[in-house]
Amino acid sequence: MMLRRGFILFLPRLVGLLVVACCSMSIVYMLACTPKGDNQQLALPRVHSPTAKEGYEAILQEREEKHRNYIISLKKQIAQLKAELQGRTEQLKNMQNQYSDSLDIQLDHSKMEKAQANLLSFLRSQVDKAEVHSGVKLSTEYAAVPFESFTLQKVYQLETGLTRHPEEKPVRKDKRDELIEVIELAVGSLNKPDGVSKAKPHVYTASDFVEGIYRTEKNKGTLYELTFKGDAKHQFKKIVLFRPFGPVMKVKNENVNMADTLINVIVPLAKRASKFRQFMQNFREMGIQQDGRIHLTVVYFGKEQMNEVKSILENTSKSANFKNFTFIQLNEEFSRGKGLDVGARFWKGNNVVLFFCDVDIYFTAEFLNSCRLNTQPGKKVFYPVLFSQYNPSIIYGHHDSIPSLEQQLIIKKETGFWRDFGFGMTCQYRSDFINIGGFDLDIKGWGGEDVHLYRKYLHSNLMVIRTPVRGLFHLWHEKQCLDELTPEQYKMCMQSKAMNEASHGQLGMLIFKQEIETHLQRQKLSSKKT
C-alpha cells in the first residue's frame, strides 16, 4: 500500500521533469541558431578580391547546410523525446486503471455508498465462511466448537473453570446485554409483518422464548439459534441469527412443526432389571404421558433376567395403553454399539429420529423437543452434553436421609458436572446414521464405540450440534470395570468411575477426613481448658 501511494505521488514529478527536458532542448536549439559574435565569425574575403563573390556564396551555402543538418538532428531528438514521454504517460495511465478499484476503496473515503456495500459484502462473506448453513469437515473430536444453551434466566455453559458454575445467571454485563439484545431482535423479527397473511398475527413476547443455543467462532462471529412457542401445541418458531463481529444479521426465519416427528429411543441392555424398572418410570411419565410421540426399542443381550425385563415392559404397556415398543433379544456377549446398531436397522417405518440412550439416563419432555429441534436429515445431528450426577451417599452424607430422585436432579457444582467427555447419548435421523456407516461392530464391551461414531459425523459435511442441555441426566451408579476390558477401555472406565463419585472439594474432605476430625478434637480440648 505504501508503494502504491508513493507511485501515485511521484507521477506528477515525472511528468514535470520530462517537460523541463523538452524546454531545455528548445533553448539549446535557439542558442545553436543564433548568429555568432564578431570575434567568432569566419573571415570573409575582401570585397575587391576577384573571388569575393564566389567565395562568399560558398561560405553562406556551407553554413546554411550545417544549420539545416543540425535542425534536422534536433527535430529527430525532440520527436524521440515526445514519443518516449507519450509512451511513459500511457504506461502510467494503464497502471492507474489497473489499481483504481482497490485504491478508490481504500483512499477515497468520500464514496460512502461504495464503502457500505463493500462492508455488507464482507459481513455476508463471514456468514458464508462460518458453519451456519452447513457443516464442515473436522479432523478430530476436539476440533468441534460446542454450543452453550440459555433461557431467559439461566446460561448453561461447558467451560466453567474454577469460579464459574455449570448453571448460572449471566452475571457479566456484556454477556447479559448480548443475550437480551439477541432475544429482543428475534422477537422484533417475529412480529414484523410478512405482507402475505391477512389473519391477525400473533404478537410474540420474550415470554414465548423457550431456549436458545449459541457459539462463537473467533475468526468469524457468533451463531445464535433461538426457539419460540408456535401458534399451536407442538409447533415452534425458530430464528437463526449471526453476529459477524458487527451487527446481528437475520439468517433464517422458519416455522418448525414437530407434531408428527417420532423419536425412537433405543436402549441396549443386559441384566440390570432394577435399573430398567426405574428407567421405565421416567419413560412412562416423560415419554408416554407428557410427550406422546415416542417409540421404545430394547435390545437385550443374553437370557438372564430377560423375563423380568419383559414383564416390566409389558406391565407398562398395559397400564399406560402403550403399544409403540419393540423387544429384540440377542444370544451373544453384550456390546453397546452392536445393540444400538441392531435397534436402528430393525426399524422399518419412515425416516425417524433415533435417540441412543442408556438405562441409567433420566430425560425430560423438554429434552425430547430439543432432540427434534436440533436434528435435520442430511444436515444436522445432535450431541447433547448431559449433566452427570455425583454419588448421592457422598453428596447427602451429612443429611438425615437422601432426597428423592426428582429432588436430586438439580444442576449445581456440588451435585454433578457436565459430562463433556461422553458422546454416547445422541440424536440423529436414521437415514444419516445408515449413510454414515453405523457403529464399528468390532468393538466389544464398554466404551469406544460412541467416539468412533462421533468422529464419523465430524468427518462428514453434517453439522454437529454440541451443547449442554438442562433436561438430560446421567444417574449415579457404581461402575464395575471388568478385567476382560482392553487396557485402553479399562483406563477409560476407571477415569469415568473417578469422575462420577464427587466434586474435588467433596473428595478432598474424604481424603483429609482424619485431619479434620483431629482438628475438631483439639478445638474441643482447648475450649474445655479455657
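Trainee: What is the handedness of the disulfide of Cys 371 and Cys 427?
Mentor: In this predicted model, a disulfide joins Cys 371 to Cys 427, with an S to S distance of 2.1 Å. The pair links distant parts of the chain, 56 residues apart, with Cys 371 in helix α8 and Cys 427 in strand β15. The torsion about the S-S bond is about -125°, so the disulfide is left-handed.

Trainee: Which residues of strand β15 lie on the side of Cys 427, and are they buried or exposed?
Mentor: In a regular strand the side chains alternate between the two faces of the sheet. In β15 (residues 426-429), Thr 426 and Gln 428 are on one side, and both faces of the strand are covered.

Trainee: Which residue of β15 stands opposite Val 353?
Mentor: Strand β11 (residues 353-356) runs antiparallel to β15, and 4 bridges join the two. Within this pairing, the residue opposite Val 353 is Tyr 429.

Trainee: What pattern do the disulfides of the chain follow?
Mentor: A search of the whole structure finds 2 disulfides. Besides the link of Cys 371 and Cys 427, Cys 481 and Cys 493 form a disulfide with their sulfur atoms 2.1 Å apart. With bonded cysteines counted along the chain, the pattern is 1-2, 3-4.

Trainee: What is the relative accessibility of Cys 493?
Mentor: The link of Cys 481 and Cys 493 is left-handed, with -90° about the S-S bond. Cys 481 is in the loop between β16 (463-474) and α13 (487-501), whereas Cys 493 is in helix α13, 12 residues apart. Cys 481 is buried, with a relative accessible area of 13%. Cys 493 also counts as buried, its relative accessibility being 1%.

Trainee: Which strands stand at the edges of the open sheet of 7 strands?
Mentor: The sheet has antiparallel pairing and the order β3-β2-β1-β4-β5-β6-β7. Two of its strands each have a single partner strand, so one side of each is left without a neighbour in the sheet. These edge strands are β3 (167-168) and β7 (249-257).

Trainee: At what angle does α8 run to β6?
Mentor: Helix α8, which holds Cys 371, lies across β4 (209-217), β5 (221-229), β6 (235-243) and β7. Its angle to β6 is about 60°.

Trainee: Is Lys 220 buried or exposed?
Mentor: Lys 220 is found in the loop between β4 and β5. Its contacts include Gln 126, Lys 129, Phe 242 and Phe 245, and a polar contact of 3.2 Å joins its side chain to that of Asn 219. Buried means under 20% relative accessible area. At 15% relative accessibility, Lys 220 counts as buried.

Trainee: At which residue does helix α5 bend?
Mentor: The buried residues of α5 (residues 273-291) include Phe 276, Phe 279, Phe 283 and Met 286. Among the elements covering the buried residues of α5 are β8 (263-269), β9 (294-301) and α8 (365-373). The helix bends by about 35°, and the residue at the bend is Phe 283.

Technical notes
Residues are numbered from 1 along each chain as its sequence is written. This is a predicted model: local features need pLDDT of at least 70, side-chain atom pairs count only at pLDDT 80 or more; totals for chains, interfaces and linings use all residues. Side-chain values use heavy atoms; hydrogens and water are left out. The bend at a residue is the angle between axes fitted to the seven residues ending there and the seven starting there. Buried means under 20% relative accessible area, exposed over 50%, partly exposed in between (1.4 Å probe, protein chains only). Contact means heavy atoms within 4.5 Å. Two strands pair if DSSP finds at least two bridges between them. Axes are lines fitted to C-alpha atoms, for helices over the stretch in contact, and angles run from 0 to 180 degrees between N-to-C directions. A polar contact is a pair of N or O atoms within 3.5 Å; within protein, one must be able to donate a hydrogen and the other to accept it, and residues adjacent in sequence count only if both atoms are side-chain atoms. A disulfide is a pair of cysteine sulfur atoms within 2.5 Å. Lists of a residue's contacts leave out its neighbours within four places in sequence.
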